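Q: Hi, could you walk me through this structure? I'd like to start with some strand pairing.

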Number of protein chains: 2
Amino acid sequence: MTSPLTSPTKPLRLALDVMGADGGVDTVIEGLSRAYKNGVTAHVTLHGREGEIKTALASRELPNDHISVRHTEDVITMDEKPTGALRRGRGSSMWSAITAVKEGEADGVISSGNTGALMAMSKLQLRMIPGIDRPAITAVWPTKTGGRTAMLDVGANVEATATQLVQFAIMGEAYFRALTGKDKPVVGLLNVGAEELKGHELIRTAADTLRAADPEMAFAGFVEGDDITAGEVDVVVTDGFTGNISLKTAEGTAHMLADWIKEALTGSLRSKLAASLMMPALRELKDRMNPSNSNGAPLLGLNGLVIKSHGGADADGVAAALKVAQNLAAHPFGDEIARTVAKVEARTASSTEGAAAAE
Amino acid sequence: MTSPLTSPTKPLRLALDVMGADGGVDTVIEGLSRAYKNGVTAHVTLHGREGEIKTALASRELPNDHISVRHTEDVITMDEKPTGALRRGRGSSMWSAITAVKEGEADGVISSGNTGALMAMSKLQLRMIPGIDRPAITAVWPTKTGGRTAMLDVGANVEATATQLVQFAIMGEAYFRALTGKDKPVVGLLNVGAEELKGHELIRTAADTLRAADPEMAFAGFVEGDDITAGEVDVVVTDGFTGNISLKTAEGTAHMLADWIKEALTGSLRSKLAASLMMPALRELKDRMNPSNSNGAPLLGLNGLVIKSHGGADADGVAAALKVAQNLAAHPFGDEIARTVAKVEARTASSTEGAAAAE
């Protein structure tokens, strides 16, 4: 397969919703500027309030032939409910940016706005991939071994059936392949490992289905919370409730440890001296711990590429999300997901019929 | 209320199951020795194979007038299922140590053995506190602000009903009060916070019940994964599936960051020099990250104190578990749990009747 690092042959086109980020339009445009300095080559259409966009563009050097602006007046606020966004949001930058993907004018959309609204609007305009019930949000984690793990769902749905967990596994596998070029990503199902607990019934059913109906998948079976960062699996599958809590637990733990390190390094004069000596190593450490570097999470399962950038992301985070969008847009994997889901459904159905016939 | 740091007026008696730890009897006895050096004053009865115990005792200085031995031949293995342990385990060290609590010969039991077996045997011999459906396992986390947070359940049950979450909250509150002396521990219910997700129905029911039926509790409502280490709440309530995954996620994240710090400190000669300069600060950091310091988790909800020590704990971990056991044994909180649960049940029932009468 093609490595995601090769340049695409046709120029890619991205739709960027510039409204809705905590840092405002200026942070998003600064992120775009950094993205272009960092290897992004796509044509980007900016959806949002033209006046604010022009002001932000004026103070920066940008490849103007790569940029166009689509003016929209409305903005989806962070506290707007998905149903309200669908009713009132047709004139918004978010809706407009998604429409660009629907109409084939863009290969992907990036938004820092309200996640629930983004999901609802994307489902309505782009529709789900055949065979996929619900979208899932992914998060990319760093690992001990210097690699990455993709986890899904981290918050699109609070619950998931066994069938939906199987769909998440298939989507996660295709996504990780497109993201990294790894031919056979290793997939694990998040569970508890204690001897006395076998986990939820539905997780066991999902595991059995994957083993039986998708033998081509490098399926590692059950993994536990500490396996997410261990580097042995590439894709960790769970429901959005558990995934969201696990992700936030890791963020909280990392913040606490970063605070402790800071304290350890500034406690005494001796520590301060040592800290100044090791500044280069500490900067690298800080870089590895920086969440901006893993910003940009696709909503998987849609007929089209939709990338959620964290609302609180800084300009580097926005740049990272644009880079993820370009990489994924160059290697569309929606068809692959549809094919694998259809295959798994057919095999599951025939094995059920076989079992019924044998009775 | 009495601070848990005051010395108990009557000598406490603990039952220590010395079998089943990964490090063997010797690690457990070394832990006992360190516990006595670290302020433990209880009389401890050692349950297990007398020969191995005597060998381990012989090479150490211990307050022999505080120690007695109860010989048992059988050992519950780590892969024994709870049902098997109940059928075949009556001659085991674990059973014998729990019996000591049941018979009033000990104020608490500490075991490093198989958690499922410990739970099943404790339920059978000690029975549940009236009004509590199921035991819960707790874990104590460090926080950013230098304090501690207790989380439950972290693995005794894969699922929990709204009523059981309410019971966990009541147990966690009483436990934290006994552990730290804090009069009004702040209790939070673990949930996802994203705008579009309101979390599981049963978590919302549990929150409503706590607000209405236990207004004396300092109930903070919903908290998220990153609040566990933030230091704003003292007790975090969740089901055993989510709790176990959250706990292991934090462990994995901490290991990964510790590895990164180690790499950063040994990369260049310059870093190595810096690391040697800041050794004292690093030792303190290592100490804060050491899981041994928070070893010793009670199984809450039983008529009697049962402390689970991690199977892989080192001698310092065993010593920490003994200290926790002594602190908690000095401040029994089972009656308090029973009273609070009864009060909440009565109020919930009367408000339901009131609502029915109003219709």
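Q: How do strands β5 and β6 of chain B pair, and over how many bridges?
A: In this predicted model, β5(B), residues 136–142, pairs with β6(B) in the antiparallel sense, and five bridges hold that pairing.

Q: Which residue stands opposite M151(B)?
A: That would be A139(B), which faces M151(B) of β6(B).

Q: And how many residues lie between the strands in that hairpin?
A: There are five residues between β5(B) and β6(B). In this hairpin, G146(B) takes a positive phi near 85 degrees.

Q: What other strand does β6(B) join, and in which sense, parallel or antiparallel?
A: β6(B) is joined to β9(B), residues 235–237, by three bridges, and these two strands run parallel. One of the pairs to look at is L152(B), whose bridge partner in β9(B) is V237(B).

Q: Is β6(B) mostly covered or exposed?
A: Mostly covered: β6(B) spans residues 148–152, and four of its five residues are buried.

Q: Switching to the other chain, how many helices and strands does chain A have?
A: Chain A comes to twelve helices and eleven strands. It has 359 residues, and 53% of them count as buried.

Q: At what angle do α4 and α5 of chain A pack?
A: About 35 degrees, with the axes 10 Å apart. Here α4(A) covers residues 93–102 and α5(A) covers residues 115–126. Their crossing is right-handed.

Q: Which residues meet there?
A: From α4(A) you have M94(A), W95(A), I98(A), T99(A), V101(A) and K102(A). They meet A117(A), L118(A), M121(A), S122(A), Q125(A) and L126(A) of α5(A). By class, the residues of this contact are eight nonpolar, three polar and one charged.

Q: Nice. Last topic: how many residues of each chain are in contact with the other chain?
A: 59 residues of chain B are in contact with 59 residues of chain A.

Q: Which helices of chain B supply that side?
A: α5 (115–126), α8 (240–266), α9 (269–277) and α10 (279–289) of chain B each supply at least two residues of the side that touches chain A. The largest share comes from α8(B), with 21 residues.

Q: And what classes of residue does that side have?
A: The side of chain B that touches chain A has 27 nonpolar, 19 polar and 13 charged residues.

Key. Residues numbered from 1 in each chain as written. Chains lettered and ligands numbered in written order. Predicted model: local features only at pLDDT ≥ 70, side-chain atom pairs only at ≥ 80, totals over all residues. Contact = placed C-beta atoms within 7 Å. Nonpolar A, V, L, I, M, F, W, Y, C, P; charged D, E, K, R; others polar. Buried ≥ 20, exposed ≤ 12 C-beta atoms within 10 Å, placed from the backbone. Pairing = 2+ DSSP bridges. Axes fitted to C-alpha atoms, helices over the stretch in contact; angles between N-to-C directions. Left-handed = near helix turned anticlockwise from the far one by under 90°.
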